[in-house]
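Colleague: Can you talk me through this one? I'd like to start with the charged side chains.

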Amino acid sequence: MITLYEVVTVKLGYRKLCARWVPKILTEEHKKKRLGFALNFLTRYAEASDEFLDHIVTCNETWVYHHRPESTQQSMQWRHSNSPKAKKCKTSISAKKIMASVVWDRQGILLLEFMPPETTINAAAYCQILNRFRRANQN
């Protein structure tokens, strides 16, 4: 008697596969635009060499966690040798976190801002960050 598993795997050639994680699923138009930008950058780099890289500034955000784990020394207690070992729960690092927005170039960080709680990072938020960066650099 042939099992369903044998029919699916042996006769039909199917197997279980996990999906591969990708950062973004891009449309063909997005891929063409990215390729165009990349080729533009490579052309400009070929013309201006390393000097071109000094003009690139980028921005991104990251979570910064408020987590100070207790060290082994700090958690030590005086106990009798027959006492059971003390138990300690692992603390969740995501309990306290804040979003940081970072603007940098090839030399290093140009602007670091900690965002207010519940801030949504979208095009408007990026524009505000870049405007603050521009004002700070005009002085």
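**Charged pairs and a helix**

Modeller: E29 is exposed, at 53% relative accessibility (buried is under 20% relative accessible area, exposed over 50%, partly exposed in between, with a 1.4 Å probe and protein chains only). This is a predicted model, where local features need pLDDT of at least 70 and side-chain atom pairs count only at pLDDT 80 or more, while totals for chains, interfaces and linings use all residues. Residues are numbered from 1 along each chain as its sequence is written, and side-chain values use heavy atoms, with hydrogens and water left out.

Colleague: Which side chain does E29 meet in a salt bridge?

Modeller: K33, at 3.7 Å from N to O. A salt bridge here is a side-chain nitrogen of Lys or Arg within 4 Å of a carboxyl oxygen of Asp or Glu. E29 and K33 are 4 residues apart in helix α2, so about one helical turn separates them. Helices are DSSP runs of H or I with at least four residues, strands runs of E with at least two, numbered from the N terminus.

Colleague: How many salt bridges by that rule?

Modeller: The count is 4. One of them joins R106 and D54, at 3.6 Å. R106 sits in the loop between β2 and β3 and D54 in the loop between α3 and β1, so the pair ties together parts 52 residues apart in sequence.

Colleague: Is D54 buried, exposed or partly exposed?

Modeller: D54 is partly exposed, with 41% relative accessible area.
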